[in-house]
Amino acid sequence: MWSINGLELEMDLDDAETLEKYEKAFTEMDIQEKEFPKDGKTSEIVRRYCDLYYRLFENLFGKDDADKIVQKKYHMGQWEEVYASFLKFASLQMNAINARRNAIIQPTKNRAARRSKQKAMK
């Protein structure tokens, strides 16, 4: 569970459907960011980035939860804190998943290497 601004939001990156949603949301975010005009008023740029973050969380958690994250405010600092918090949460979860997977795979690799070495010595 990811906790942010009093909300508890579920994001299980071990689940294939959730992971697909996560990948799609970030791909869409990359595309939208590349389409941003590079000039204009600073206030317009801030508003675009806030919308970009909002759409990311809407794609990940749905409109209702995205609305609750920072009450649809156009405050860049708040959105950046939310985004950084989410990236940290996702990174910790992926590190735990990879550690668990490596703990399962590594003994199998070591066993196969020992068998191969024993066969070569015969």
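This is a predicted model: local features need pLDDT of at least 70, side-chain atom pairs count only at pLDDT 80 or more; totals for chains, interfaces and linings use all residues.
Trainee: Is Q93 buried or exposed, and why?

Mentor: Burial is read from relative accessibility, with under 20% as the cut-off. Q93 has a relative accessibility of 16%, so Q93 counts as buried.

Trainee: Which residues does Q93 touch, not counting residues up to four places away in sequence?

Mentor: Q93 touches M11, D12, L13 and D14 on that count.

Trainee: Where is T18 found, and why does T18 count as buried?

Mentor: T18 is part of helix 1. Its relative accessibility is 19%, and because the cut-off is under 20%, T18 counts as buried. With neighbours within four places in sequence left aside, T18 is in contact with M11, D12 and L13.

Trainee: How is the length of a helix checked?

Mentor: Compare an expected span with the distance between the end C-alpha atoms. Helix 1 covers residues 16-34, which is 19 residues, and at 1.5 Å a residue it should span 27 Å. The end C-alpha atoms of helix 1 are 27 Å apart, which agrees.

Trainee: Which residues of helix 1 are buried?

Mentor: They are T18, Y22, A25, F26, M29 and Q32. These residues cover an arc of only 125 degrees around the axis, so they sit on the same side of helix 1.

Trainee: Which exposed residues does the face turned away from the buried side of helix 1 carry?

Mentor: That face carries A16, E17, E20, K24 and K34.

Trainee: What is F86 in contact with, leaving aside its neighbours within four places in sequence?

Mentor: F86 is in contact with W2, M11, Y22, F26, F57, L60 and F61. Y22 and F26 are among the buried residues of helix 1.

Trainee: Which elements have the lowest and the highest mean pLDDT?

Mentor: The lowest mean pLDDT among the elements belongs to helix 4, at 83, and the highest to helix 1, at 95. The chain averages 89, and 87% of the residues score at least 70.

Notes
Residues are numbered from 1 along each chain as its sequence is written. Side-chain values use heavy atoms; hydrogens and water are left out. Helices (H or I, at least four residues) and strands (E, at least two) are DSSP runs, numbered from the N terminus. The expected span of a helix is 1.5 Å times one less than its number of residues. Buried means under 20% relative accessible area, exposed over 50%, partly exposed in between (1.4 Å probe, protein chains only). The arc is that of the directions from the helix axis to the C-beta atoms. Contact means heavy atoms within 4.5 Å. pLDDT is the predictor's confidence in each residue, from 0 to 100.
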